[in-house]
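My comments follow as numbered points, to be read with the structure open beside you.

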Amino acid sequence: PDLEQILSLHDFEAVARRVMGRRGWNYYSSGADDEISMRENHNAYHRLWFRPRILRNVANVDFSTKILGFATSMPIYITATALGKLGHPEGEVTLTRAAAKHNVIQMIPTLASCSFDELVDAAAPGQVQFMQLYVNADRARTRKIVAHAADRGIKALFITVDAPQLGRREKDMRTKFEGAASSAQTTGGDKVRRDQGAARAISSFIDPSLNWADLKDLTEAAKGMKIILKGVQCWEDAVLAAEAGVDGIVLSNHGGRQLDYAPAPIAILPSVVSALTAHGYMNNPSRPKFEIFVDGGVRRASDVMKAVALGATAVGIGRPMIYAMSTYGEEGISKLLQILKDEFEMNMRLVGARNIGELVPSMIDTSALHGA
Ligand code: FNR
């Protein structure tokens with residue numbers, strides 16, 4: 001269909017399912033095992049209801065905000081998803097360009113199809129980019145990648161901590177890996193297993209021995225970049241992360257691609273916020289701001305608003321971005337971001353919030369979140 005006919009983020013997925021190559025579709029759309037967590041990520045949002053406020057003069061609404069101190073037109077970012085060229089011949093550079101146009105932040109994946117430098121070079125002057133890091137068993141190699149990212153002006157490093165081993169995504173495993181990854185950096189230079197799908201083929205370098213004690217070394221190598229742990233899944237680890245001195249966390253189960261039956265990130269957000277508050281890590285003027293992000297299953301601006309009202313700085317969006325990229329390229333991603341902006345404007349008005357600061361916990365009814 002014509003791009004004009006695309007009305008929501010869901011529409012990109014429906015088109016992608018029909019027009020994408022099987023290998024790309026199976027890699028992007030798959031979740032671990034029975035895909036229970038993948039579906040729950042989105043479904044959990046259905047159990048949160050708004051408590052809208054009225055008569056607040058919402059003629060002008062402003063949903064711009066800051067992520068880790070960096071301006072963004074709305075509280076979302078493009079999260080890291082590997083192997084962009086399985087969906088579009090130009091790969092992740094299309095995301096870089098659309099992000100610039102709409103003033104949102106892109107997180108560059110370690111396993112991008114485009115090279116890291118290509119994606120940094122494609123950025124507009126002043127465009128902020130983050131980087132996602134898989135830690136290699138060869139730490140010298142990882143330190144080099146991190147130092148290079150800092151030198152190239154990357155502002156924050158999102159260390160993925162939910163993937164000591166890649167989950168089993170059976171849909172993906174059925175299509176044999178035929179090689180869409182481009183560079184030695186991408187494959188980590190290791191032996192590649194080609195019999196278990198794209199994900200497993202490219203991830204054999206990831207170090208399962210990674211642990212809390214390694215963070216100091218990585219922080220040093222990061223030369224002042226902000227450090228965020230991506231893939232925190234309970235409040236205890238959120239508190240440990242804050243104690244370890246990182247700048248924030250992403251509540252994430254990797255889009256339901258790792259441990260099946262890992263909880264939906266939005267469902268654990270309230271417990272994480274209260275634990276961090278109780279331990280003195282939230283809204284504490286004597287500490288640098290600790291930021292919480294959420295990703296998984298976000299498909300509407302209303303989903304984003306729920307997460308922000310409950311205490312998240314912003315949310316990451318994965319699959320919708322790569323479905324938009326795979327179907328309509330840069331224009332598709334641009335359209336997706338415009339749809340979100342339009343949804344934001346309308347829903348901010350309807351809920352009675354003039355700016356991001358007015359999205360507060362009392363605007364969300366969480367009573368059904370863990371109920372029957
Ligand atoms: C991912 N994700 C991911 N995360 C990461 O840290 N490194 C990576 O290389 C990838 N690669 C990747 C590929 C694909 C195809 C998907 C769908 C996801 C996880 C991603 O950053 C994020 O956590 C989820 O995508 C969020 O869920 P949604 O928005 O896809 O529902």
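1. How confident is the predictor in the complex? It gives an ipTM of 1.00 and a pTM of 0.96. For the protein, the mean pLDDT is 94, and 94% of the residues reach 70 or more.

2. One region deserves a caution when you look at the model. Helix 8 (residues 184-187) has the lowest confidence in the protein, with a mean of 43, while strand 4 (residues 76-78) has the highest, at 99. The pLDDT stays below 50 over residues 182-192, yet this stretch has 20 contacts in the model beyond near neighbours in sequence. Where pLDDT is low, predicted coordinates should not be read in detail.

3. Now the overall fold. The protein has 14 helices and twelve strands. Its radius of gyration is 19 Å, close to the 21 Å that the globule rule gives for 372 residues, so the protein is as compact as a globular protein of that length. Along the principal axes, the C-alpha atoms fill a box of roughly 60 × 50 × 45 Å. Of the 372 residues, 52% count as buried. Among contacts between residues at least 6 apart in sequence, 73% join residues at least 24 apart.

4. Is strand 6 enclosed or open? Five of the five residues of strand 6 (residues 129-133) are buried, so this strand is largely enclosed by the rest of the structure. Gln129, Met131 and Leu133 point one way, Phe130 and Gln132 the other, and all are buried. Strand 5 (residues 105-108) pairs with strand 6 in the parallel sense over three bridges, and methionine 107 stands opposite phenylalanine 130.

5. The loop between helix 2 and helix 3 (36-43) contains serine 30. With 24 other C-beta atoms within 10 Å, serine 30 is buried, since the cut-off is 20 or more. Leaving aside residues up to four places away in sequence, serine 30 touches Arg169, Lys171, Asp172 and Arg257. From serine 30 to alanine 14 there are 16 residues in sequence and 15 Å in space, C-alpha to C-alpha.

6. Please check two backbone angles. Most residues other than glycine have a negative phi. Aspartate 33, however, has a phi near 45°, a positive value. Aspartate 33 also lies in the loop between helix 2 and helix 3, and counts as partly exposed with 17 C-beta neighbours inside 10 Å. The other case is leucine 68, where phi is near 55°, again positive. Leucine 68 sits in the loop between strand 2 (65-67) and strand 3 (70-72), and counts as buried with 21 C-beta neighbours inside 10 Å.

7. Last, what does serine 64 touch, not counting residues up to four places away in sequence? Its contacts are Ala71, Thr72, Ser73 and Met74. Serine 64 is in the loop between strand 1 (49-50) and strand 2, and is partly exposed, with 13 other C-beta atoms within 10 Å. Serine 64 and tyrosine 261 are 197 residues apart along the chain, and their C-alpha atoms are separated by 34 Å.

Notes: Residues numbered from 1 in each chain as written. Predicted model: local features only at pLDDT ≥ 70, side-chain atom pairs only at ≥ 80, totals over all residues. Helix = DSSP H or I, 4+ residues; strand = E, 2+ residues; numbered from the N terminus. Rg over C-alpha atoms; globule rule 2.2 N^0.38 Å. Buried ≥ 20, exposed ≤ 12 C-beta atoms within 10 Å, placed from the backbone. Contact = placed C-beta atoms within 7 Å. pLDDT = per-residue confidence, 0-100. Pairing = 2+ DSSP bridges.
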